[in-house]
Amino acid sequence: MLEKLAHFNRERIPERVVHAKGAGAKGYFQLTKDMSAYTKAAIFSGAGKKTPMIARFSQVAGEAGYPDTYRDVRGFALKFYTEEGNYDIVGNNTPVFFVNDPLKFPDFIHSQKRDLRTHARSQDMQWDFWSLSPESVHQVTILMSDRGIPASYRMMHGYGSHTFKWVNTAGEQFWVKYHFKTNQGVHNLSNELAVELAGKDTDYLQNDLFDAIETGDYPSWTVAVQIVPYEAGLNYPQDIFDVTKVISQKDYPLIEIGQMVLDENPTNNFEDIEELAFSPANLVPGIEAPPDKLLQGRLFGYKDAERYRLGANYEQLPVNRPKVPVHNYERDGIMAQNQETGVNYEPNSEDGPKEVPSAKIHGDQLSGQTGNYPADPDYYSAADKLYNLLTDEEQDRLIENIRLNLGQVTKPEIQIREVKQLYQADPEYGRRVATALNLDLNQFEH
Ligand code: HEM
């Protein structure tokens, strides 16, 4: 009885500080187009190659038991068990993000989480932050559009969001963006249905994914990339490392490279999904991190969070362990398992594991000023383009969604500040939201 009670008392571990609510499944990625001209990564070499993988989809802000159908960005995190070790793409169902400075990430998330005193989530907090962060207008427009409430994890696109670097065997470098196009079609929920489902089935998206896979209706995505030559990327009219913006598909069209299929449910949700640890720093030779400041912050953030959430040896947990032998000189620590014997220092004369020269990072030539400097001050043109791409009906629903959310803000100055941002994206966009909120148009028009 003591053992049982003691173990029971220790069943809970910290939930993810963000993306706590989610669901995952296993499957594979099959390459249909050999990409070895652009990257030496084995996963992208040899058409037909199948690589096992695991995916986890999630909400961003809510806690582990939060309703699935609340308006939020959805996480789209993928771990590929490649023959060279694990490669993670930790993206979202949106091609851009709210901020581009990692210093602002905890502040952004605090504005989405619970108020310190009321312990409630607050429209005032989130719109206060957004209205003071003009770089967020593009992503706020996506979040308030139909795509803010997907009808199913199976029916949304995924994006790597950042621009990454590919390097081929000749040492030539390319910039790359990942797109995962759902083969089930994009479907979203109306506000009314989302509210109804939140009451009827808190785990609606999780159950939908599980049930589809359980009945053999395997979801799949067409994987495509945009490839930008190295120099052209550096000279592109906009900063291609600014994650608040997309790269035009007219300039760099999508190239289809494969299919991703999810065909197996977790065997044990705790071991397969809760212990799953993604990181944008899990890279393989031929894929490197770009000089994107937000991504550079993420390279640190995830593994640090996972050492806290799962312990120092979290990479030895079965779901995080590569499916190929791992050799390194890490030793011991809490819950260490499967340690190699042999010398644990390097260099050594005992024929211990050696660094693989071909895995060395290629690196970039850098010049300029270091420091904490503002990013590209063009905050609005991307949101302008997006607004004008929407159909009339989609625009109507966008305005209505902003009215429903921004309309709950209690401080008029926050509403006014946000509407000023929308005006700068497109005066019609701002005017329509101002009218929907019954704000005096004179304060924006002059
Ligand atoms: C989860 C940090 C931006 C997508 C997490 C976690 C942390 C974190 C600490 C929890 C990790 C864990 O406990 O396993 C950050 C920081 C960011 C940032 C510091 C910016 C500086 C982004 C962006 C995206 C993203 C731009 C997408 C493009 C995700 C996803 C998860 C996640 C999908 C959930 C992974 C899972 O399913 O386990 N983030 N994040 N994050 N983040 Fe971020």
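Analyst: **Strand pairing and surroundings**

Strand E8, residues 220-229, runs antiparallel to E9, and six bridges join the two. Please note that the model is predicted. Within this pairing, Thr 222 stands opposite Gln 259 of E9. E9 covers residues 255-264 and is also joined by six bridges to strand E1, residues 22-31, again in an antiparallel arrangement. Here Tyr 28 has Val 261 in E9 as its bridge partner.

Next comes the ligand. A shell of 28 residues surrounds it, and His 19, Gly 75, Pro 102, Ser 161 and Gly 301 are the closest. At least two residues of the shell come from each of strand E2 (50-59), strand E3 (74-82), strand E4 (85-92) and helix H9 (293-310). The most is given by H9, which supplies eight residues. By residue class, the shell holds 14 nonpolar, nine polar and five charged residues.

The loop between H9 and H10 has some backbone features to check. As a general rule, most residues other than glycine have a negative phi, and most peptide bonds are trans. Met 335, though not a glycine, has a positive phi of about 65°, and this residue lies in the loop between H9 and H10. Met 335 counts as exposed because it has 11 C-beta neighbours inside 10 Å, and the cut-off for exposed is 12 or fewer. Asp 351 is also not a glycine and has a positive phi of about 60°; Asp 351 belongs to the loop between H9 and H10. With 8 other C-beta atoms within 10 Å, Asp 351 is exposed. The peptide bond from Glu 346 to Pro 347 is cis, with omega near 5°, and Pro 347 is found in the loop between H9 and H10.

Helix H4 is a part of the interior. Eight of the eight residues of H4, residues 137-144, are buried, so the helix is largely enclosed by the rest of the structure. Those buried residues are Val 137, His 138, Gln 139, Val 140, Thr 141, Ile 142, Leu 143 and Met 144. They pack against four helices: H3 (123-131), H10 (381-389), H11 (392-406) and H12 (412-425). H10, one of the helices that the buried residues of H4 pack against, is also at one end of the loop that holds Pro 347.

How values were computed:
Residues are numbered from 1 along each chain as its sequence is written. This is a predicted model: local features need pLDDT of at least 70, side-chain atom pairs count only at pLDDT 80 or more; totals for chains, interfaces and linings use all residues. A residue is near a molecule or strand if its C-beta atom, placed from the backbone, lies within 6 Å of it. Ala, Val, Leu, Ile, Met, Phe, Trp, Tyr, Cys and Pro count as nonpolar, Asp, Glu, Lys and Arg as charged, and the others, Gly among them, as polar. A residue is buried if 20 or more other C-beta atoms lie within 10 Å of its own, exposed if 12 or fewer, and partly exposed in between; C-beta atoms are placed from the backbone. Two residues are in contact if their C-beta atoms, placed from the backbone, lie within 7 Å. Two strands pair if DSSP finds at least two bridges between them.
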